[in-house]
Amino acid sequence: MDDKTPDSSAPDIDSHRGAVPRHLAIIMDGNNRWARHRGLPGADGHRAGERTVQKVIRRAARHGIEVVTLFAFSSENWRRPEDEVNHLMGLFVNALGERVDELHGNGVRLRFIGDRDAFVEPLRLGMAEAEARTAGNDRMTLVVAVNYGGQWDLAQAAASLARDARDGRLDPADIDAAALDARVSTAGLPPLDLLIRTGGERRLSNFLLWQAAYAELYFTPALWPDFDGDALDAALEDYAGRQRRFGRSGDQVNEPDGEQQC
């Protein structure tokens, strides 16, 4: 490779510019612990967490964030007790029925990522209908990750590329980072800028593994039902104070044509 030729896997720095993230993702952790600390059943924690989702989405829209991706149900969550999984599925169905009108009325486009095959047909149809109904909205995109795992996402993207190569639609030599990026679940969305995890844990838990390569990470001990609009403001303030270099030196970032932190 010529030394002057940019690496195709390098991030598009301009797409990340700004004191406010274009794309925010959240691992919403701590519903069960929140309920347990109050002597309540876990279901109450999940209901409280759903109310927090509403608060955070409204505040994010006020900040002008373009995309919010929420980790609602991981591919590993099927291992939880059956009654908890059933309750989560019930909450999900109810939210589809009750919240889509509000989201649509506020210009929010809804998108679901993850393997939908494990869900019952009425739920799959409900997701598809919500996506179709809100497809023309452009104020914000709300991405809900359900039965999602980052390793699954990479595997399905690789399988898609392999099928095209096998069938002669793609030269294997043309498979690079950009080609893979175009096949993951978030294709077409702005790059992930900030990933927040509530609940005190400090790991990604198989969430957006590819997309988080250059994301800023923010961990907070606040349990998800306690993470309100003010808590989001604090996370965004922390993000705005970071210097994002993408392999450059600090001096390069601070040069006149790069004075805006990115």
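Biologist: Where does Asp164 sit?

Modeller: Asp164 belongs to helix 6, which covers residues 150–166. Helices and strands here are DSSP runs numbered from the N terminus, helices being H or I of at least four residues and strands E of at least two. Residues are numbered from 1 along each chain as its sequence is written. The model is predicted, so local features need pLDDT of at least 70 and side-chain atom pairs count only at pLDDT 80 or more, while totals for chains, interfaces and linings use all residues; side-chain values use heavy atoms, with hydrogens and water left out.

Biologist: Is Asp164 buried or exposed?

Modeller: Buried means under 20% relative accessible area, exposed means over 50%, and partly exposed lies in between (1.4 Å probe, protein chains only). Asp164 counts as buried because its relative accessibility is 14%.

Biologist: Which residues is Asp164 in contact with?

Modeller: A contact means heavy atoms within 4.5 Å. Leaving aside neighbours within four places in sequence, Asp164 is in contact with Arg169, Leu170 and Arg183.

Biologist: How many helices and strands does the protein have?

Modeller: The protein has 9 helices and 6 strands. Of its 262 residues, 45% count as buried. Among contacts with a separation of 6 or more, 75% are between residues 24 or more positions apart.

Biologist: What span should helix 3 have?

Modeller: The expected span is 1.5 Å times one less than the number of residues. Helix 3, residues 42–63, has 22 residues and should therefore span 32 Å; its end C-alpha atoms are 32 Å apart, which agrees. Gly64 follows helix 3 and has a positive phi, near 85°.

Biologist: Which residues other than glycine have a positive phi?

Modeller: Asn206 is one of them, with a phi near 65°. Asn206 lies in the loop between strand 5 (194–197) and strand 6 (216–219), and it counts as buried because its relative accessible area is 14%. Asn147 is not a glycine either, and its phi is positive at about 50°. Asn147 lies in strand 4 and is buried, at 8% relative accessibility.

Biologist: What do Val146 and Tyr148 look like in strand 4?

Modeller: Val146 is found in strand 4 and is buried, with a relative accessible area of 1%. Not counting residues up to four places away in sequence, Val146 touches Ala72, Phe73, Phe92, Phe112, Ile113, Gly114, Asp115, Phe119 and Met127. Val146 and Ala72 are 74 residues apart along the chain, yet their C-alpha atoms are separated by 5.6 Å. Tyr148 also lies in strand 4 and counts as buried, at 0% relative accessibility. The C-alpha atoms of Tyr148 and Arg116, 32 residues apart along the chain, are separated by 8.8 Å.

Biologist: How many residues are in the largest nonpolar core?

Modeller: A nonpolar core is a set of buried Ala, Val, Leu, Ile, Met, Phe, Trp, Tyr and Cys residues joined through side-chain atoms within 4.5 Å. The largest one has 39 residues, and Val68, Phe112, Leu142 and Ile196 have the most contacts inside it. Helix 4 gives the most to this core, with 7 residues. A second, separate core of 15 residues includes Ala25, Ile27, Ile113 and Ala145.

Biologist: Which residues is Ile196 in contact with?

Modeller: Neighbours within four places in sequence aside, Ile196 is in contact with Leu24, Ala25, Ile26, Ile27, Tyr218, Phe227, Leu232 and Ala235.

Biologist: Which elements supply residues to the lining of the largest pocket?

Modeller: On a 1 Å grid over the protein atoms alone, a pocket is an open set of points where a 1.4 Å probe fits, with protein on both sides within 12 Å along at least five of seven lines; lining residues have an atom within 4 Å of a point. Helix 2 (31–37), helix 3, strand 2 (67–74), helix 4 (82–105), strand 3 (108–113) and strand 4 (140–148) each supply at least two residues of the lining. Helix 4 gives the largest share, 10 residues.

Biologist: Where is Pro191?

Modeller: Pro191 is in the loop between helix 7 (177–181) and strand 5. At 28% relative accessibility, Pro191 counts as partly exposed. Pro191 and Leu24 are 167 residues apart in sequence and 9.3 Å apart in space, C-alpha to C-alpha.
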